[in-house]
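Here is a friendly walk through one protein chain, from the whole fold down to a single side chain. Please keep the structure open as you read.

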Amino acid sequence: MADGAGKGMGASLIMASAKASLPLIAAGRTTEATLRVLSDKLTSELGPREFVALAYARYDPIAGTLELSNAGLPDPYLLREGSVPLSLSVPGPRLPLGLRRGVASESLRVTLSPGDRVLFLTDGLPEASTSPGEPLGYEALGLLLPADGHAPGQSLDELLERVRRATSETLEDDWTVLLLEHKGSSELPRLVNA
C-alpha cells in the first residue's frame, strides 16, 4: 500500500512510476532490500518535496507468514478475534521513499493463525479532523478498529463509517484501507480494498 505526497496529476504520476517499478525491483529481493532500491531510484527522479510513503508486505498463504517493511505509512494492525488490535511496528528508520539515498529498511515477520486479519491504511484516517479541528489520532482510531468476525468487506465498511461519525464531514485527505485475511493453508487469501 502506498500514498504519494501531494494531490492531483503530479502525485498520480509519482505513484504510477513507483507502481510500475515495484514488481521489477522486488524480484529476488527481500522486502527491506526492495524498499532501499526503490527509494534510491525515486530519490534520483523526484523533486525536493516529492516522496512516496509505502508499506510493502510479502504474504505466504500456506505458511501463514507475513514479511513487512514500512517506509512512512501508519503501522498496519493485526486483528485477531478476542484480542485487542496489535500495531505491527517495523523497527528502524521509517523515512518515506525518495527523500534520501541509501536509507536502510528493516522488516518484521509475523506468523498468522487462520482467521487473523491485517489492516493496512493510509494516514488519511488517523489524521482526519474531528469537529473541534484536531486530528482523530492513532489511539482513537485503534478504538474504532473492527475486532469481529464479519465478512472483510462489511468490516471495512463499518470501520469507515465509524471514522466518518468521529470526524468532520469534509475529507482533507484520501482514506485508503486494505484488509488481508489469513484463511489457512486450505483456502486462497482474500484481499478487500476500500
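Among contacts in the protein chain with a separation of 6 or more, 63% join residues 24 or more positions apart; a contact means heavy atoms within 4.5 Å. This is a predicted model, in which local features need pLDDT of at least 70 and side-chain atom pairs count only at pLDDT 80 or more, while totals for chains, interfaces and linings use all residues. Residues are numbered from 1 along each chain as its sequence is written, and side-chain values use heavy atoms, with hydrogens and water left out.

The protein chain holds four helices and nine strands, in the order β-α-α-β-β-β-β-β-β-α-α-β-β along the sequence. Both kinds of element are DSSP runs numbered from the N terminus: helices are H or I with at least four residues, strands are E with at least two.

Some values for the whole chain come next.

| Property of the protein chain | Value |
|---|---|
| Box filled by the C-alpha atoms, along the principal axes | roughly 45 × 45 × 25 Å |
| Share of the 194 residues that count as buried | 43% |

Buried means under 20% relative accessible area, exposed over 50%, and partly exposed in between (1.4 Å probe, protein chains only).

Why does a radius of gyration of 17 Å agree with a compact globule? Because a compact globule of 194 residues would have a value near 16 Å. The radius is taken over C-alpha atoms, and the globule rule is 2.2 Å times the number of residues to the power 0.38.

Now to helix α1, residues 8-26. Its 19 residues should span 27 Å at 1.5 Å a residue, and its end C-alpha atoms are 27 Å apart, so the two agree. The expected span is 1.5 Å times one less than the number of residues. The buried residues of α1 are A11, I14, A18, S21, L22, I25 and A26, and their cover includes α2 (31-45) and β2 (52-60). Just after α1, G28 takes a positive phi of about 80°.

M15 and V52 are 37 residues apart in sequence, yet their C-alpha atoms are 7.3 Å apart in space. M15 counts as partly exposed because its relative accessibility is 23%.
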